[in-house]
Amino acid sequence: MEPTDALAALLTAAFLAALGLVVTGWIWGPAVVAGLRRARVRRQPFPRAWREVLRQRMPAFARLPADVQLQLKKHAQVLIAEKPFIGCAGLAITDEMRVLVAVQASLLLLNRHAGYFGNLRQILIYPGAFVVARQTADGSGLTHDTRRALAGESWQQGQVLLSWDDVLTGAADPQDGQNVVLHEFAHQLDQEAGAANGAPWLAGRERRARWARVMNTEFSRLREGLAGGEPGLFGDYAASEPAEFFAVATEIFFERPLELAQVHPALYFELQQYYRADPLHWLESSPIMARTGPVVGAGFESNPFRKERDRTDVWPLRS
Ligand SMILES: [Zn+2]
């Protein structure tokens, strides 16, 4: 090889290496920067005033296992650092609001390593229930103006709207199965994979198919129950559409895990896999377990799908 050829080959190799570095940096750079920034936020101590908020407003927090408490605090610190909170209808945002929303929303992030609600750009908080006006079309082509008072809403464009009154109520009672923060942030997870349809992103075709099968079975079962006058654990709002079923099931999973696991073991199993959390075992040292005894024979570990029957599929299946 002539010296000039060797030089040209060397320059080409150097150019390709530099190009590779630029492309790699362009693709991974933002993730690396975000990771470093989050690690720095997580290293900060959780402020004493924030701990006091949890003590006063979310008494169930102190009964969670220590590792869950720690994860929630660290995730909440990142959410508070990254997501703007906006007060609406004259409400001034306080740290109490940021902490109570962020810690409850972080229940959906435990162990998942799935980012921090990647779509979410703002959290809007109203003092109480807020009224939304909508136009809806009926089957005959007529449109109707409807006004509804809401405790919360989640938008595909990256906003969660919450009523502060309802955030407080949800945090104060951890066992009533109603929690607006869990509900709306579950919609956000659903909306990360396109319009909310009850099918959040799951890795693997088999897993997605199993999710659709179990959800479809449970959704149909709920609708049949309601038709027979039995609201069951979920109530009629969950039967309105798959997206609402997933959001309501999320509330029940975290707040009434014992009943969910006993009555709907396959659904409990799916949510446990998705959220990588097992609220049933968080209860072991709590008063509710002392009253009911440990959960044995729930059966979902041996055969999670034993209650399935053939039904008409209504559940969407993401491809
Ligand atoms: Zn909803």
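## Overview

Helices (H or I, at least four residues) and strands (E, at least two) are DSSP runs, numbered from the N terminus. R63 sits in the loop between two such helices, α2 (48-57) and α3.

The model is predicted: local features need pLDDT of at least 70, side-chain atom pairs count only at pLDDT 80 or more, and totals for chains, interfaces and linings use all residues. Residue numbers start from 1 along each chain, as its sequence is written.

The protein has twelve helices and six strands. Burial is judged by counting neighbours. A residue is buried if 20 or more other C-beta atoms lie within 10 Å of its own, exposed if 12 or fewer, and partly exposed in between, with C-beta atoms placed from the backbone. Of the 319 residues, 35% count as buried.

Contacts have a cut-off too. Two residues are in contact if their C-beta atoms, placed from the backbone, lie within 7 Å. Take the contacts with a separation of 6 or more: residues 24 or more positions apart account for 68% of them.

## The sheet

Four strands form an open sheet, in the order β1-β2-β6-β5. The pairing is mixed. Two strands pair if DSSP finds at least two bridges between them. β1 (85-87) and β5 (152-155) stand at the edges. Each has a single partner strand, so one side of each is left without a neighbour in the sheet. The twist averages 15° from one strand to the next.

Strand β2 (residues 122-126) runs parallel to β6 (residues 159-163), and five bridges join them. L124 stands opposite L161 in β6. β2 also runs parallel to β1, with three bridges between them. There, F85 has I123 in β2 as its bridge partner. Is β2 enclosed or open? Four of its five residues are buried, so β2 is largely enclosed by the rest of the structure.

## Helices on the sheet

Angles here run from 0 to 180 degrees between N-to-C directions; axes are lines fitted to C-alpha atoms, for helices over the stretch in contact. Helix α5 (residues 164-172) lies across β2, β5 and β6. It runs at about 80° to β6. Helix α6 (residues 180-191) lies across β5 and β6, at about 15° to β5.

α5 also packs against α4, at an angle of about 55° and with the axes 11 Å apart. That makes α4 oblique to α5. The scale is this: angles under 35 degrees count as roughly parallel, over 145 as roughly antiparallel, 65 to 115 as roughly perpendicular and the rest as oblique. α4 passes α5 in a left-handed crossing. A crossing is left-handed if the near helix is turned anticlockwise from the far one by less than a right angle, and right-handed if clockwise.

Which residues of α4 and α5 meet? M97, L100, V101 and Q104 in α4 meet W164, V167 and A171 in α5. By class, this contact has six nonpolar, one polar and no charged residues. Ala, Val, Leu, Ile, Met, Phe, Trp, Tyr, Cys and Pro count as nonpolar, Asp, Glu, Lys and Arg as charged, and the others, Gly among them, as polar.

## Two further helix pairs

Helix α1 (residues 3-43) and helix α3 (residues 66-82) cross at roughly 120°, and their axes come within 9 Å. α1 and α3 are therefore oblique to each other. Their crossing is right-handed. R38, V41 and R42 in α1 meet K74, Q77, V78 and A81 in α3. This contact has three nonpolar, one polar and three charged residues.

Helix α7 (residues 205-227) and helix α10 (residues 265-275) cross at roughly 140°, with axes that come within 10 Å. α7 is oblique to α10. The crossing is left-handed. In α7, W211, V214 and E218 meet A266, L267 and E270 of α10. Four nonpolar, no polar and two charged residues make up the contact.

R63 and L283 are 220 residues apart in sequence. In space, their C-alpha atoms are 8.2 Å apart.

A92 lies in the loop between β1 and α4 (95-106). A92 is exposed, with 8 other C-beta atoms within 10 Å. A92 and I125 are 33 residues apart along the chain, and 9.1 Å separates their C-alpha atoms.
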